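Trainee: I have a new model open and would like to go through it. Can we take it piece by piece?

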Amino acid sequence: MRGVGLSGGVLSTGLLEQEAQAAPPAAPVSGPAAVPITLRINGKSVNTSVEPRETLLDTMRNSLDLTAAKRVCDRGTCGACTIIVSGKVMYSCTMLAIDSQGKEIETLEGISAKNHPIIAAFVANDAQQCGYCTPGFVVASKGFLDKHPNPTYEEVKKGLGGNLCRCGTYMGIRQAVVDAGKQLKGGRNA
Amino acid sequence: MPDYSWPPMEKRRIVGKRTSRLDGPDKASGKAKYPSDLNPPGLLHAVMLTSPHAHARVKTVDIAAAKKFPGVTAIRVISGPGTEVQWAGTEIAIVAATSEAIARDAVALIKVDYEVLPHVVREDDLGKVGNRAKAAGEQVTGDPDAAFKEADAISENLYSIPVITHCCLEPHGQVIAMKGDKVDYWPSTQAVSTVGGDLAKYLEIPASNVHVQMDYMGGGFGGKFPADRWGVESAQLSKESGGRPVKMFLDRETELTIAGVRPSAFANIKIGAKKDGTIIAWQSQSWASGGFGGGGMPPLPYVFNKIPNYRLNHTAVSINAGSARAWRAPNNPQASFLTCSAIDDLAAKLNMDPLDMFLKNVGLTIRPDTYRLQLNKAAEMIEWKKNWRPRGQNKDGYMRRGLGIGISTWGGAGHASKARTTIHPDGSVEVELGSQDIGSGTRTVISMVAAETLGLPISMIKVKIGDNLYPVSGPSGGSTTVGGVSSSTRKAAVNALQKLYDIVGPILNAPPDRLEAVDGKIRMIGNPDKGMSWQQACQKLGVNTITEMGENDTKRTEGLNTGGASGIQMADVSVDIETGVVKMNKLVAVHDCGLVINPKTAESQVLGACIMSVCSALMEERVMDQQTGRVLNADMEFYKLAGIADIGDIVVHMDITPDNDKRGVIGLGEPPAVPGVAAIANAVANAIGVRVPSVPLIPSRVLAALNGRRNA
């Protein structure tokens, strides 16, 4: 088929494919009207009400003012909405908010509040231009570093294959993740 | 008149130093609020209904059921009965509701009856477009027929590059609130100072009634200048909903279908040269389409436009597809690909190293010395002489390796821009411009210029952009922003500093024109002990501030900025001849852009442009379906962009030299987006020994070329 190159999206995710397992069944809630739910986000419990069809991404963005995660492809391809759910890197556009109860959700807002070194590494390596894909990349990088401390460039290329950037910031991102990895290791050994 | 010229290279403290972008921390921590992130109180969401047909006449639009749907606050028909729809995705109606889901449900209740009309959505076969083709007149210079007879080698081939989209990650759209005839407008735009006027024209209100604000935007690449129908209609929805703000951003399918494309380009090119490689004749029959409006005429022959004998024919094709918008260096990447492919094929006919062929013909360009230097520099970076082999000769099992060359030219002089600099008694400094930072580092550049001029650290400069109440600054297009804002900022800061000198001079007992601002001090030139700190100087203002304007007058830039940028890129690829997969090894980019204010962000611009070229060369294509008249790949799964593993290594060389520096600031956003496709396509031809005539160079096309077939 035309237009099917080799890159991008889930075709090259490797790691994310393996990590993005189906979530366990959620608490019993049904629609079609909005239902109250409780989410654990960045270590805090948050009450809101959602229509059962709402994605976690839309709930975060529209109801909770958590707008770091962006809606770009809205189909689990580009990674701009990346969050970490119970330790796993996930696309929040592919999760329903009602299915996200009872899980520990970590967003960039939470990661930046903890001053993770990946953020400074993105800045130092100019790993952002327009910046719209950046939050997704930062979260994916953090999740990747959690499991692959001190990675090589080759590992970074594989591990971040589930995110896309249009401005073309990949060179800076590669370096940022490798640099942050070194700092994390240094931190542990210090 | 004050001396506005840039300080000499060796005296600069900030300009020219690698500086991290100021908004990096906000972007990397998710704090940066884009227009699509805004959730003002009372926010409504709008969703559009678009035409599923590529060509149709609207017979009826029934909104009765949608109007009654609970949660809907307003609904508008955009294309009423009788409207002839010319492309799929045309805006038919729009609904505002208390949530996006409700708006979507209501849209589904709108009933539209169409009279479906015949459509043409593909332009690749000129024989099938009928009366949609519109020929431009023939252009002839010299005597091409005689020259081809004199040529020792002639190459003739049909090359093509398809329509691609901008695929901005933040879709087009806005949050907008209209109360009476006043509008608050938060668009994702490349044109903070002008987009309000565009909107006002359609709303029939004074431009000054529209307040535009935008701190960040998620990518434009030439596609985000106008207010667009969805902006105008969303304003009306807001007004009809009692002034509540309305958020409307295109969904991905609509974004990829109607929010602008880069036109295609097809060309039959015949090119002839003497035995020594001197090009003497060119003939091209080109055609292109950018959608219903036609459009897209690649400037051929590109860069080598002093070929003495040529004949040009071009045909614009109108198809039933969303229209073209400026796309990073309009028409230049296409022209570079077409021209450099033809030259490369001609070199192969002559058994000549294409590097020698390009060098041999730099005299046919307007900047021979620059291109010669850049060709040699890029060749050195990619180790051309060591790594290049004749076509198809660099083999390792099923892998073939190859090198290729691409070339670019661009203007990039600064746009009209006004800046206002205010010095406060507490020593703080504000610089205000109705400009925008679309990801190119504009904020940072402005602060660097102001800090350099005032002898202060960057941290003391507060840059205020992204608001049309600030002095008017041009839209970010044509690589004009950096030249414009740096010049206006420089002048405003110099003017403000003069006023401060006028106040401080008498106190220091020194003539104002003998003062300088260095390292946070105002001091006497040649007598650094005679001075006072910046803070002390500003305290002398008492309760007053100094506010001065600066303007980049495009007709008199006083050497602060200029246009005319050249570039060379060379690609190194490996091709698996069993699978047809092309792998990027390396792309080297050599670009001049005059005085480089921030090498760090300038380099990022080049890197990003190179990566866009990898996308366009290897995977990007908008695929139209003649059966349904629709875009087949209007999502990000099948509209392919390169991922982090697909780009190989990219090495940038900015020609930062005293000679280039003297030219002043030159824009850089577009020129590096030009030569990459040509370089990669030529590298693939060099690797596999045959030309793959159509980009993107997807595996099926590579395999077809290897098997002697033209099309995949």
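This is a predicted model: local features need pLDDT of at least 70, side-chain atom pairs count only at pLDDT 80 or more; totals for chains, interfaces and linings use all residues.

Trainee: How many residues of chain A are in contact with chain B?

Mentor: Contact (heavy atoms within 4.5 Å) involves 53 residues of chain A and 71 residues of chain B. The two chains bury about 5,100 Å² between them, with 54% of it on carbon and sulfur atoms. Buried area is the accessible area (1.4 Å probe) that two parts lose on being put together, summed over both.

Trainee: And how many salt bridges between chain A and chain B?

Mentor: Eight. A salt bridge is a side-chain nitrogen of Lys or Arg within 4 Å of a carboxyl oxygen of Asp or Glu. One of them joins D37(B) to R61(A), at 2.8 Å from N to O. On the side of chain A that touches chain B, 27 residues are nonpolar, 15 polar and eleven charged. Here Ala, Val, Leu, Ile, Met, Phe, Trp, Tyr, Cys and Pro count as nonpolar, Asp, Glu, Lys and Arg as charged, and the others, Gly among them, as polar.

Trainee: Switching topic, which domains does chain A have?

Mentor: Domain 1 covers 34–107 and domain 2 covers 115–189, with bounds from an automatic or database domain assignment. Their centres, taken over C-alpha atoms, are 22 Å apart. Domain 1 of chain A gives 17 residues to the contact and domain 2 gives twelve.

Trainee: Which residue forms a salt bridge with E106(A)?

Mentor: K142(A), with the closest N and O atoms 3.3 Å apart. The count between the two domains of chain A is one salt bridge.

Trainee: What is the strand order of the open sheet in chain B?

Mentor: The three strands run β4-β2-β6, with antiparallel pairing. Strands are DSSP runs of E, at least two residues, numbered from the N terminus, and two strands pair if DSSP finds at least two bridges between them.

Trainee: Why is one side of β4 and of β6 in chain B left without a neighbour?

Mentor: Strands β4 (84–85) and β6 (111–116) of chain B stand at the edges with a single partner strand each, so one side of each has no neighbour in the sheet. Strand β2 (residues 56–62) of chain B is joined to β6(B) by six bridges, and D62(B) has K111(B) as its bridge partner in β6(B).

Definitions and conventions
Residues are numbered from 1 along each chain as its sequence is written. Chains are lettered from A and ligands numbered from 1 in the order in which they are written. Side-chain values use heavy atoms; hydrogens and water are left out. Helices (H or I, at least four residues) and strands (E, at least two) are DSSP runs, numbered from the N terminus.
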